[in-house]
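Me: I am new to this structure. Please take me through it in short steps.

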Amino acid sequence: MSNTPIELKGSSFTLSVVHLHEAKPEVIRQALEDKIAQAPAFLRHAPVVVNISSLAEVTQWKPLQQAIASTGLRIMGVSGCKNPELKAEIDRAGIPLLTEGKEKVTRVAPVEAPAPAPIVTPVTKTRLIDTPVRSGQRIYAPNCDLIVTSHVSAGAELIADGNIHIYGMMRGRALAGASGDREAQIFCTHLAAELVSIAGEYWLSENITAEYYGKAVRLRLDDAALTIEPLN
């Protein structure tokens, strides 16, 4: 145990960055609410960094801050600010000013007859969970599919930007296509979920008919409506 009352350690956290390309607070608020509605379990009350590098003419921070805060998002910092007066206003509001790393560009002399670049096949990663998912747990698979080989308890939450596969009893919540992918699907061997959602379209448990309850099913969007069918 340390003899000092505090200890400072380096760490890193993943935060979403909201890039603003519009200076009208009401337009920003509506756009954010639309985005949050697509994945409310993941985005509601999420901590974010706001990038305002595209808003060269903005000189008032408070209306923008109020518009973002009204959606429930928590502003952890602001990046991309180049206006000294605006920087001072953001600082007075008690919000950290952040500096994002910039990509370095190195100029080199042209090379005669360069060799062709190798063809790289992109690899789509899948997050695999082999243990039961307990009540209160939230598992998120960004930019990939999520596979759970065990049971998911009531009160647990699965979120994936891609598809979700559950090979056990599913009693919690499953949100596929969390980033808006309407081609995402949910595959489940024993469906007893509290909520299922694809790209923001959702069903509660009462929407699942008795013929599919506890059965192996596949859920997808068809003409913007959530549909269910047996998993053959």
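Me: Which residues of α3 are buried?
Reply: First, the basis: this is a predicted model, where local features need pLDDT of at least 70, side-chain atom pairs count only at pLDDT 80 or more, and totals for chains, interfaces and linings use all residues. Residues are numbered from 1 along each chain as its sequence is written, and side-chain values use heavy atoms, with hydrogens and water left out. Buried means under 20% relative accessible area, exposed over 50%, partly exposed in between (1.4 Å probe, protein chains only). By that cut-off, the buried residues of α3 are L64, A67 and I68.

Me: Within what arc do the buried residues of α3 fall, seen down the axis?
Reply: The arc is taken from the directions from the helix axis to the C-beta atoms. The buried residues of α3 are L64, A67 and I68. They line one face of the helix, because their arc is 95°.

Me: Which residues of α1 are buried, and what arc do they cover?
Reply: Helix α1 covers residues 25-38. Its buried residues are I28, R29, L32 and I36. They sit on the same side of α1, because they cover an arc of only 100°.

Me: How far does α1 reach from its first C-alpha to its last?
Reply: α1 has 14 residues. The expected span of a helix is 1.5 Å times one less than its number of residues. For α1 that expectation is 20 Å, and the helix comes close to it, reaching 20 Å.

Me: Is T71 buried or exposed?
Reply: T71 is found in the loop between α3 (62-69) and β3 (74-79). T71 touches R29, L32, E33 and I36, leaving aside residues up to four places away in sequence. Its relative accessible area is 7%, so T71 is buried.

Me: In what order do the four strands of the open sheet stand?
Reply: Two strands pair if DSSP finds at least two bridges between them. Five bridges join β2 (residues 47-51) to β3, and two bridges join β3 to β4 (residues 97-98). The pairing in the sheet is parallel, and the order is β1-β2-β3-β4.

Me: Which strands stand at the edges of this sheet?
Reply: The sheet is open, with the order β1-β2-β3-β4. Each edge strand has a single partner strand, so one side of each is left without a neighbour in the sheet. The edge strands are β1 (16-19) and β4.

Me: Which residue of β3 stands opposite V50, and which stands opposite L98?
Reply: V50 faces V78 in β3. On the β4 side, L98 is opposite S79.

Me: Which side chain makes a polar contact with the side chain of Q185?
Reply: Q185 is buried at a relative accessible area of 15%, in the loop between β10 (173-176) and β11 (186-191). A polar contact is a pair of N or O atoms within 3.5 Å; within protein, one must be able to donate a hydrogen and the other to accept it, and residues adjacent in sequence count only if both atoms are side-chain atoms. Here the distance is 2.5 Å, and the partner is R218.

Me: What separates the C-alpha atoms of Q185 and R220?
Reply: The two residues are 35 residues apart along the chain. R220 is one of the residues that Q185 touches. Their C-alpha atoms are separated by 4.8 Å.

Me: Is A199 buried or exposed?
Reply: A199 lies in the loop between β12 (195-198) and β13. Its phi is near 50°, a positive value in a residue other than glycine. Its relative accessibility is 7%, so A199 counts as buried.

Conventions
Contact = heavy atoms within 4.5 Å.
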